[in-house]
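Dear colleague,

My notes on its core, one of its helices and its salt bridges follow.

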Amino acid sequence: ALTKSTQFRGTTMNWLLHELGAIPVRRYQPDLTAIRQLLRLFSEGEVVAIYPEGERSWDGTLGPFRRGTLRLISAIDVPVIPVGVRGTFERWPRWSKQPRRVPIQVRFGAPLVRPLGHTRAERERLVPTLAERLAHELTSLTTR
């Protein structure tokens with residue numbers, strides 16, 4: 001899974017996240033190292049979790065997606081499986097120091113059918129449609 005790079009700061013967390021296969025990514029700016037690593041993993045047939053919002057929700061609702069994530073999804077020729085995760089906000093809100101005992105549900109959707117953008121301009125044109133389609137899928141997976 002893509003994980004914000006600041007999570008790798010402590011010795012224990014650094015070790016644990018590397019053991020779990022987490023990929024450090026800088027937030028709020030393009031991270032070419034993370035993108036290269038993602039592309040290598042995709043070419044090797046690996047599965048990678050990408051959170052399109054880039055951060056946890058403040059209120060439990062689906063937030064806006066990062067444009068870079070949407071551009072990446074429109075550029076890669078690999079299956080994109082939407083995954084709805086329900087209960088994580090109730091389990092551990094951002095402002096809470098400790099998690100609560102709340103069940104979490106994970107639902108997998110069908111592979112997202114989407115056109116690929118072969119140029120930067122094509123990928124940029126696909127962003128709004130892709131965002132709408134992905135938001136619809138994720139919402140339907142978390143509200144059933």
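**Salt bridges**

Arg-67 counts as partly exposed, at 41% relative accessibility (buried means under 20% relative accessible area, exposed over 50%, and partly exposed in between, with a 1.4 Å probe and protein chains only). The model is a predicted one, in which local features need pLDDT of at least 70 and side-chain atom pairs count only at pLDDT 80 or more, while totals for chains, interfaces and linings use all residues. Residues are numbered from 1 along each chain as its sequence is written, and side-chain values use heavy atoms, with hydrogens and water left out.

The side chain of Arg-67 meets that of Glu-124 in a salt bridge, at 2.2 Å from N to O (the term denotes a side-chain nitrogen of Lys or Arg within 4 Å of a carboxyl oxygen of Asp or Glu). Because Glu-124 lies in helix α5 and Arg-67 in helix α3, this pair ties together parts that are 57 residues apart in sequence. Helices (H or I, at least four residues) and strands (E, at least two) are DSSP runs, numbered from the N terminus. Glu-124 is itself partly exposed, at 26%.

A search of the whole structure finds 6 salt bridges. One of them joins Glu-55 to Arg-27, with the closest N and O atoms 3.0 Å apart. This pair links distant parts of the chain, since Glu-55 is in the loop between α2 and α3 and Arg-27 in the loop between β2 and α2, 28 residues apart. Glu-55 has a relative accessible area of 32% and is partly exposed; Arg-27, at 24%, is partly exposed as well. Arg-27 and Glu-55 also belong to a network of salt bridges with Arg-66 and Arg-94. A further salt bridge is formed by Arg-40 and Glu-44, at 3.3 Å from N to O.

**Helix α2**

Helix α2 has 12 residues and reaches 16 Å from its first C-alpha to its last, close to the 16 Å expected at 1.5 Å a residue (the expected span is 1.5 Å times one less than the number of residues). Its buried residues are Ala-34, Leu-38, Leu-41 and Phe-42. They cover an arc of only 100° around the axis, and therefore sit on the same side of α2; the arc is that of the directions from the helix axis to the C-beta atoms. On the other side, Leu-32, Thr-33, Arg-36 and Ser-43 are exposed. The cover over the buried residues of α2 includes β1, β2 and α3, where contact means heavy atoms within 4.5 Å. Just after α2, Gly-45 takes a positive phi of about 80°.

**Nonpolar core**

The largest nonpolar core has 20 residues, and those with the most contacts inside it are Ile-23, Leu-38, Val-48, Phe-65, Leu-70 and Leu-134. Such a core is a set of buried Ala, Val, Leu, Ile, Met, Phe, Trp, Tyr and Cys residues joined through side-chain atoms within 4.5 Å. β2 (23-25), α2 (32-43), α3 and α5 (120-143) each supply at least two of its residues, and α5 gives the most, with 5. Neighbours within four places in sequence aside, Leu-38 is in contact with Leu-2, Ile-23, Val-48, Ile-50 and Leu-72. Val-48 lies in the loop between α2 and α3 and is buried, at 16% relative accessibility. With the same exclusion, Val-48 is in contact with Ile-23, Leu-38, Leu-41 and Phe-42.

With kind regards
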